[in-house]
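Reader: Please walk me through this one, feature by feature. Give me the general idea each time, then the case at hand.

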Amino acid sequence: MTRKHRFNSAKLQDNLFKFFALLCTGIGLLVLAVLLIDIMSKGLERINWSFFTNLPSRHFNESGIYTALVGMISLLFFTLLIALPIGIMSGIYLQEYGTKNWFARFVEINIANLAGVPSVIYGILGLQIFVRAAGLGNSILAGGLTLALLIMPIIIVATREAIKAVPNSLREASFGMGATKWQTTKRIVLPAAWGGILTGVILSISRAIGETAPLIVVGALVYVPFIPEGPLDKYTTLPIQIFNWTSRPQQGFVINAAAGIIVLLAFTFLLNGIAILLRNRWYNKIRF
Amino acid sequence: MYKLESNNLHLYYGQKHALKGISLGIKANSVTAFIGPSGCGKSTYLRCFNRMNDLIPNVRIEGEAFIDKINIYGRNIDVYEHRKDIGMVFQKPNPFPKTIYENVAYGLRIIGENSKSLIDDAVEVALRQSALWDEVKDSLNKSALTLSGGQQQRLCIARAIAVKPSVLLMDEPASALDPISTAKIEELIYQLKSEYTIVIVTHNMQQAGRVSDKTAFFYLGELIEYDETRKLFTNPGKEATQNYISGRFG
């Protein structure tokens, strides 16, 4: 009798836990769905070709995100130009070459911490160093450098994780053949780690395109009625444009903001989707 | 004249004294088996000959090891060049995540060989020698990871012999394989003996008995006995050897 009783109570606990887990998942999904439906119902009507090709305007129905898109792409270009080589090289050095002493551990912990620093702090750093001290002003270059600082820790950590996942038996095989450290890194470790590194890079891009706070600080929050032509020009980006529109009193600009959010979300979902796809393919390839 | 030789070789992992003064000589074109319980130092000793222990931090080596009378740990030895002359096959098949062809071509690629016809020939010869050619000749551009475990291990042997080393070190090459694949590897070892000096670490005493000319028994970092395989297995000179081969410990 007691055995049956115990069994039932365990089964009850099991079901209760399952119910709560389901409930929590449901809450998360529900919030996301409400957000999406709200944004879609407001903004979808404004999504058309001219929304992508129009410059910002005082009239909401003539306003578009052209400058914001061009600004975002140019900003990303400079961000990646700086962050990719430095981030990936640092990751390779720390994981593959650096000796494992107390200094390496110190650097490791600090890079992990850097990845968690609030982004507005990077904005303040960028303002002080790039905008003021280096005299770059409110330029794309200053913004790109700031965002590069922001995503570099993410790229370094992703690179290290990807390299760490390459089985040591492959390095042994390569060294056993008489390959040097560089040959082993170039021909065996990096090709095997590439999928993981790329996944991290894409996720860092998706982080960068959504960033608003640091860019407000380094001066992207300006009315830019023209397309930037060089790295020292002023610029605006999509999140900033959305932020700008939401602060307008007219209802029409709120609709514009909703439409802008849809575009931004589409970018983020697309990038994250690619990253997940790449990661799955890479994991299947690397598993032994 | 010994192909491989060591003289009072000591190895320390930090404080741990893992090899305690090993001296032995291995003749060219012979198969030598290292046997002994786990942790006895046989794999560590094997790896002294291609300096793979260099990759492990805090390893200290004293004494001498020779290949063709040249000190492997001498000052003017280029460790990368040295390893090119010594092929190694590991316990777990470890093909690169590349094509079958590129796996075998790897050794030639890293010495900067560019001639396609030369590499093609070397790949075919190596795959034939490792008895894999007939199974893979139509799928050379497939990933090596699509092969079975036994095929992967023969591919690793092909990769090692494609650059024509003079020595082949095998660290328990069949311990992760089924009996049929094991038999193929053993057959291969017998075939390769005419061209290479082969040293094989094994946990399987029947295997040592089948493939080797001489056998060395290691225990707790010491070389207990080294003799003709037939004599060591039928009439061992030391009691510890007798106990080990009769399965009383280890």
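Author: Start with domains. This is a predicted model. In chain A, 33 Å separate the centres of domain 1 and domain 2, taken over C-alpha atoms. The assignment gives domain 1 as 2-46 and domain 2 as 49-286.

Reader: How many residues of domain 1 of chain A are in contact with domain 2 of chain A?

Author: Six residues of domain 1 of chain A touch seven residues of domain 2 of chain A. Sort the domain 1 side by class: three nonpolar, one polar and two charged residues.

Reader: Next, helix pairs. At what angle do α5 and α6 of chain A pack?

Author: Read the angle, then the axis separation. Helix α5(A), residues 119-133, packs against helix α6(A), residues 140-164, at about 135°. Their axes are 9 Å apart. Angles over 145 degrees would count as roughly antiparallel, and 65 to 115 as roughly perpendicular. At about 135°, α5(A) is therefore oblique to α6(A). The crossing of the pair is right-handed.

Reader: Which residues of α5(A) and α6(A) meet?

Author: From α5(A) come Ser119(A), Tyr122(A), Gly123(A), Leu125(A), Gly126(A), Phe130(A) and Val131(A). They meet Ala142(A), Leu145(A), Thr146(A), Leu149(A) and Leu150(A) of α6(A). By class, this contact has eight nonpolar, four polar and no charged residues.

Reader: What about α4(A) and α6(A): what is their angle, and how far apart are their axes?

Author: Helix α4(A), residues 102-114, packs on α6(A) at about 125°, with the axes 8 Å apart. These two helices are therefore oblique to each other. Handedness comes next: α4(A) passes α6(A) in a left-handed crossing.

Reader: Which residues make the contact of α4(A) with α6(A)?

Author: On α4(A), take Ile111(A), Ala112(A) and Leu114(A). On α6(A), their partners are Pro153(A), Ile156(A) and Val157(A). The class count is six nonpolar, no polar and no charged residues.

Reader: Now burial. How many residues of α10(A) are buried?

Author: Count helix by helix. Helix α10(A), residues 238-246, is mostly covered, with seven of its nine residues buried. The buried set is Leu238(A), Pro239(A), Ile240(A), Gln241(A), Ile242(A), Asn244(A) and Trp245(A).

Reader: Take a single residue. Is Ala144(B) buried or exposed?

Author: Count its neighbours. The cut-off for buried is 20 or more other C-beta atoms within 10 Å. Ala144(B) has 23 C-beta neighbours inside 10 Å, so Ala144(B) counts as buried.

Reader: Where is Ala144(B) found, and which residues does Ala144(B) touch?

Author: Ala144(B) sits in the loop between α5 (133-136) and α6 (149-161) of chain B. Leave out residues up to four places away in sequence, and Ala144(B) touches Pro95(B), Phe96(B), Lys98(B), Thr99(B), Ile100(B), Asn103(B), Gln152(B) and Leu155(B). Check C-alpha separations too: Ala144(B) and Glu102(B) are 42 residues apart along the chain, with their C-alpha atoms separated by 8.9 Å.

Reader: Last, the chain contact. How many residues does each chain give?

Author: Chain A gives 15 residues and chain B gives 16 residues. On the chain A side, the elements that give two or more residues are α7 (168-176), α8 (181-210) and α11 (251-286). α7(A) gives the most, with six residues. By class, the chain A side has eight nonpolar, five polar and two charged residues.

How values were computed: Residues numbered from 1 in each chain as written. Chains lettered and ligands numbered in written order. Predicted model: local features only at pLDDT ≥ 70, side-chain atom pairs only at ≥ 80, totals over all residues. Contact = placed C-beta atoms within 7 Å. Helix = DSSP H or I, 4+ residues; strand = E, 2+ residues; numbered from the N terminus. Nonpolar A, V, L, I, M, F, W, Y, C, P; charged D, E, K, R; others polar. Buried ≥ 20, exposed ≤ 12 C-beta atoms within 10 Å, placed from the backbone. Axes fitted to C-alpha atoms, helices over the stretch in contact; angles between N-to-C directions. Parallel < 35°, antiparallel > 145°, perpendicular 65-115°, else oblique. Left-handed = near helix turned anticlockwise from the far one by under 90°. Domains from an automatic or database assignment.
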